[in-house]
Amino acid sequence: MTARRRRLSSCMLSFLIALAGSVEAEPLASGSTFLSEAVRAQQADEAANPGMLWVDEGAELWAQTVAEPGQSCAACHGEASDTMRGVATRYPAVDAVSGALLNLEGRINTCRREHQALPPLAYESDELLSLTAFVAYQSRGLAMQVETTGAAAPFHAAGRAFFHRRQGQLNLSCAHCHVRHAGRRMRGDIISHGLGNGYPIYRLEWQTLGSLHRRLRLCSASVRAVQFASGGPEYLALELYLAGRARDVAIETPAIRR
Amino acid sequence: MPTRRQIIAAAGVAGSMLALPRLATATPQMHDDALSALSGGAPINDGRVELIIPGVAENGLSVFTTVAVESPMTEADHVRAIHILSEQNPIAHLLTWHLSPRAGIARVSTNIRLAASQEVTALAEMSDGTFWRDRRHVVVTIAACIDGG
Amino acid sequence: MALAAARVSMPAEARAGEVVEIKALMRHPMETGYQVDAMGESIPRHIIERFTVSYDGERIFGMDLTQGVAANPFIAFTTRATRSGELVFTWEDDRGELSEVRKTLTVVP
């Protein structure tokens, strides 16, 4: 093939991929679609999924009564399997009181401050990961249905802009990998749609549970871009946009990823 | 728009920035030495053992591994132990399961670590003193995005 | 630091003679001793070395582990249900920390 023809066909390919990207099938395929059968089975089997160790810890924290004012999560919310079912499908969401965009971690910490007079749990701490995993686990198998209009609209727009903005020394946007090249191979991996429907995840490489924002910091580092603070406005808005892309995709928390 | 090749090259650079400390690794010779130490020099037969492990492991930090051995698991005839051996990890002898007739069947699983693509051996030690093995080649791939913290 | 929580999954009830599958997960870093931290300091090895299971007082299963076993070790094995009794699962790491889980198996004729 001549260089010119190669360039031409590469352009055609890019065009076709871009075209495919603009008409993504709905709902998008979960990241677990791109895992091996062995890891998918490990994720599905709650007796083998190591993420369940954190869910168990979350269940203990849920029931734990704090000294002052003597409240546990359970004291207000009761049985999580009942009251928390479906909650994760609606997060991140705009807090009606403060107008702030909160993900599950933010909601948990807001609850601690307002109802338990406790300081926030550090992002990526085992306690916050465990409680978040425990709450999200109650929605395992339910479809993501996040609100992207109304009060959420400006946050969603900011997230969309982030997703499509070229960033870093590699000058790539999220969309370059996760829209145009989703389903294709990169090194030994298959690129996912970047949906975030299984967080917190047990990542084999981390050998522990981790948050979506930890994964996003890794995405930023991978394209040599600025890493934003976990829990900060940039990744929160992006999380909302990703959740919007994940509409109708089932929650898999605690998912296992590579 | 970057080409696929550019993306791959960039990912490769990102990965290599995080090079792990260089380690002494087991060699096929160390693997063989560990094998004969375990068998006490007794002959090792192929068969009766089935090592079930992915041909391509997505991440060497956790490779789902099952070993099943054909055995009636009676007092008179059972599997005493099953060992897993590596020829490329820093150590050759990764683990031992101790079984007894109380197991009913000889089938065990765990997740092992594999430092590189290699041949993995499952060695079963029977109550009659015989040794049986199965070997599988596993290709270990690396995730595209490696976390430096 | 005592070992963290474990998760043991097995049926609560089995028929006499039935082969029961047991799955155990234990939270543990299984630190290899080969890694260095952000300051370049070597991270000492910290692994579970031994896992044992007794059923009604008799040892029925054991495993010797090394750094060649993945973090948060998962172990699946079987036992034949004999009579109703307690199964005791014990993990012991290389710092002498122990963790124990007890489960009762009720055997029905």
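Q: Which residues of helix 3 of chain A meet residues in helix 7 of chain A?
A: In this predicted model, Trp54(A), Val55(A), Glu57(A), Gly58(A), Ala59(A), Leu61(A) and Trp62(A) of helix 3 meet Asp126(A), Glu127(A), Leu129(A), Ser130(A), Leu131(A), Ala133(A), Phe134(A) and Tyr137(A) of helix 7. By kind, the residues of this contact are 10 nonpolar, 2 polar and 3 charged.

Q: Why are helix 3 and helix 7 of chain A called roughly perpendicular to each other?
A: The axes of helix 3 (residues 52-63) and helix 7 (residues 126-137) of chain A cross at roughly 95°. Angles of 65 to 115 degrees count as roughly perpendicular. Helix 3 and helix 7 of chain A are therefore roughly perpendicular. Their axes come within 7 Å.

Q: What makes up the contact of chain B with chain C?
A: Chain B gives 27 residues and chain C gives 23 residues. On the side of chain B that touches chain C, strand 6 (93-98) and strand 7 (106-112) of chain B each supply at least two residues. The largest share of that side, 6 residues, comes from strand 7 of chain B. The side of chain B divides into 13 nonpolar, 11 polar and 3 charged residues.

Q: How do you know that strand 7 of chain B and strand 6 of chain C pair?
A: Pairing needs at least two bridges between the strands. Strand 7 of chain B and strand 6 (residues 74-80) of chain C have 2 bridges, in the antiparallel sense, and the two strands therefore count as paired.

Q: Which residue in strand 6 of chain C does Ser109(B) stand opposite?
A: Ser109(B) stands opposite Ala76(C).

Methods:
Residues are numbered from 1 along each chain as its sequence is written. Chains are lettered from A and ligands numbered from 1 in the order in which they are written. This is a predicted model: local features need pLDDT of at least 70, side-chain atom pairs count only at pLDDT 80 or more; totals for chains, interfaces and linings use all residues. Axes are lines fitted to C-alpha atoms, for helices over the stretch in contact, and angles run from 0 to 180 degrees between N-to-C directions. Helices (H or I, at least four residues) and strands (E, at least two) are DSSP runs, numbered from the N terminus. Angles under 35 degrees count as roughly parallel, over 145 as roughly antiparallel, 65 to 115 as roughly perpendicular and the rest as oblique. Two residues are in contact if their C-beta atoms, placed from the backbone, lie within 7 Å. Ala, Val, Leu, Ile, Met, Phe, Trp, Tyr, Cys and Pro count as nonpolar, Asp, Glu, Lys and Arg as charged, and the others, Gly among them, as polar.
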